[in-house]
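This report goes through the ligand site, the annotated position and some backbone angles of one protein model. The sequence and structure come first.

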Amino acid sequence: MRIAVLGMGYLGVTHAACMASIGHEVMGVDVDVDKISQLRAGHVPFFEPGLDALTARMVQSGDLRFTASYEEAARFADAFFIAVGTPQKRGEFAADVSAIDSVIETLGPMLDRPAVLFGKSTVPVGTAERLRSRLKELAPAGPDVELAWNPEFLREGHAIHDTLEPDRLVVGTAQQGAPGAITVAREIYSSVLASGTPFIVTDLATSELVKIAANAFLATKISFINAIAEVCEAAGADVVELADALGHDRRIGRAFLNAGLGFGGGCLPKDIRAFMARAGELGADQALTFLREVDAINMRRRTQMVDITRQLCGTLLGVRVGVLGAAFKPDSDDVRDSPALNVAGQLQLQGAAVSVYDPKAMDNSRKIFPTLSYASSAMAACAGADIVLVLTEWEEFRELNPRELAAVVSHRRVLDGRNCLDHQRWIDAGWQYRGFGRRPSSAAM
Ligand code: UDX
């Protein structure tokens, strides 16, 4: 099929390259001409494992092209995927859907033949129905232009896998039926469906809600285990062993029960806030008040990390802190609402001398936190450090040799913000180790 993907962010570039890889002719569209010229050269402007190579390969094959022209995309495609961002509004919890509105306002009047638009972005429930009505007014082809919602569940760091081998595909259509959209979706995803992926057809509102409910559930799971970690700290219990034991219960599962610095990134934090805001508009705010607590538990992890650092060093004034990790999670260069960078910034503002290293997120970190010091390696970040903080669980940090690191620091103190280190190895190498919610014997400080 001939497909246009609108919005060349994380989601859009991944979707465009993956759709080309399963045999479609794809055009990636963005209003940012710099981004388009980078992509035309086969270069992805952010880090995602494997995506640079896949994009370059698809560009070379001719199956993936890029344009800044909506006219060109409208002439080219029969199916469109909307993949623009829906960030949190400034000063409010609600989501800013203006980028989606402008896609519809720009593209709508150009649609003069049958087409299907699939929304992939995460939106407040009710948005799709509103866009559908607007599209009817704008598109010369009128009812021959259908709007369906096909939410994306991809995780950064696993974006290609999650697009080509998703846990499920969800397509929401208008209640009066949009038979064309379902047929087109089945055709586009035929190779994905052939491998047995569940295909769920539902209405527009349910499809919008599936996505936001999934993210709210994941956020709740993380905050749940972090709340339990606080109790473990108070009771002298060990949250890692507890999570392993809980995870054996198939109704609960072990995934997303890693206690530590909590969740960040461009999705979970803003999605739970937008969900609360939308529920409020719908008069269902009471249903989601628990998400305020989920958010509060999560944000508390960051201040607690700063407090523990102060407690361990006696003060923060003039203390040299080596911070390992700036990305919101490993295998990503994304620093949007990154807990790691937030902690590094708070420590610096409270008088510590902070040196940060991250394998991939240095450029992005410098842009949003230019006042922090950045080092060129983990060793360099920890040189002369009074304390080392591991704030993103990159493989490189898990594999650090505590004996080698001991040679460059001033004090052998490590605060494992992600409970990701082999603590016994660090203790054996003479380090004082502190995790989150870990048994005091393994937290020897
Ligand atoms: C998330 C959803 O997983 C994905 O389905 C959706 O499409 C977009 O939002 P992503 O933001 O890429 O994906 O990250 P995810 O892997 O969900 O991690 C989110 C945050 O939670 C990270 O900061 C991570 O470090 C943290 N986390 C995750 C924990 O603190 N503990 C865990 O056990 C798991």
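In which loop is the place of Asp337? Asp337 sits in the loop between strand 9 (320-324) and helix 14 (339-349). The model is a predicted one.

## Backbone angles

Asp337 has a phi near 45°, a positive value in a residue other than glycine. Most residues other than glycine have a negative phi. The relative accessibility of Asp337 is 29%, which is why Asp337 counts as partly exposed.

Phe256 is another residue that is not a glycine and has a positive phi, here about 65°. Phe256 belongs to the loop between helix 11 and helix 12. With a relative accessibility of 33%, Phe256 counts as partly exposed, because values between 20% and 50% fall in that class.

## Annotated position

An unreviewed UniProt entry lists Cys267 under "active site". Such an annotation may be inferred rather than shown by experiment. Cys267 is located in the loop between helix 11 (239-247) and helix 12 (268-281), and Phe256 is found in the loop between these helices as well.

Is Cys267 buried, partly exposed or exposed? Its relative accessibility is 33%, so Cys267 counts as partly exposed.

## Ligand shell

The ligand is surrounded by 20 residues. The closest are Phe153, Leu154, Glu156, Asn258 and Lys329. By residue class, the shell divides into 10 nonpolar, four polar and six charged residues.

Helix 10 (residues 204-235) supplies the largest share of the shell, with four residues. Why does the ligand lie between domain 1 and domain 2? Domain 1 (2-197) and domain 2 (240-443) both give residues to the shell, so the ligand lies between them.

## Polar contacts and burial

In Phe328, a backbone N or O atom lies 2.9 Å from a ligand oxygen atom.

How much of the area that the ligand exposes when taken alone does the protein bury? Taken alone, the ligand exposes 660 Å², and the protein buries 92% of that area.

Methods
Residues are numbered from 1 along each chain as its sequence is written. This is a predicted model: local features need pLDDT of at least 70, side-chain atom pairs count only at pLDDT 80 or more; totals for chains, interfaces and linings use all residues. Side-chain values use heavy atoms; hydrogens and water are left out. Helices (H or I, at least four residues) and strands (E, at least two) are DSSP runs, numbered from the N terminus. Buried means under 20% relative accessible area, exposed over 50%, partly exposed in between (1.4 Å probe, protein chains only). A residue is near a molecule or strand if one of its heavy atoms lies within 4 Å of it. A polar contact is a pair of N or O atoms within 3.5 Å; within protein, one must be able to donate a hydrogen and the other to accept it, and residues adjacent in sequence count only if both atoms are side-chain atoms. Accessible areas come from the Shrake-Rupley method with a 1.4 Å probe; for residues, only the protein chains shown count as cover. Ala, Val, Leu, Ile, Met, Phe, Trp, Tyr, Cys and Pro count as nonpolar, Asp, Glu, Lys and Arg as charged, and the others, Gly among them, as polar. Domain bounds come from an automatic or database domain assignment.
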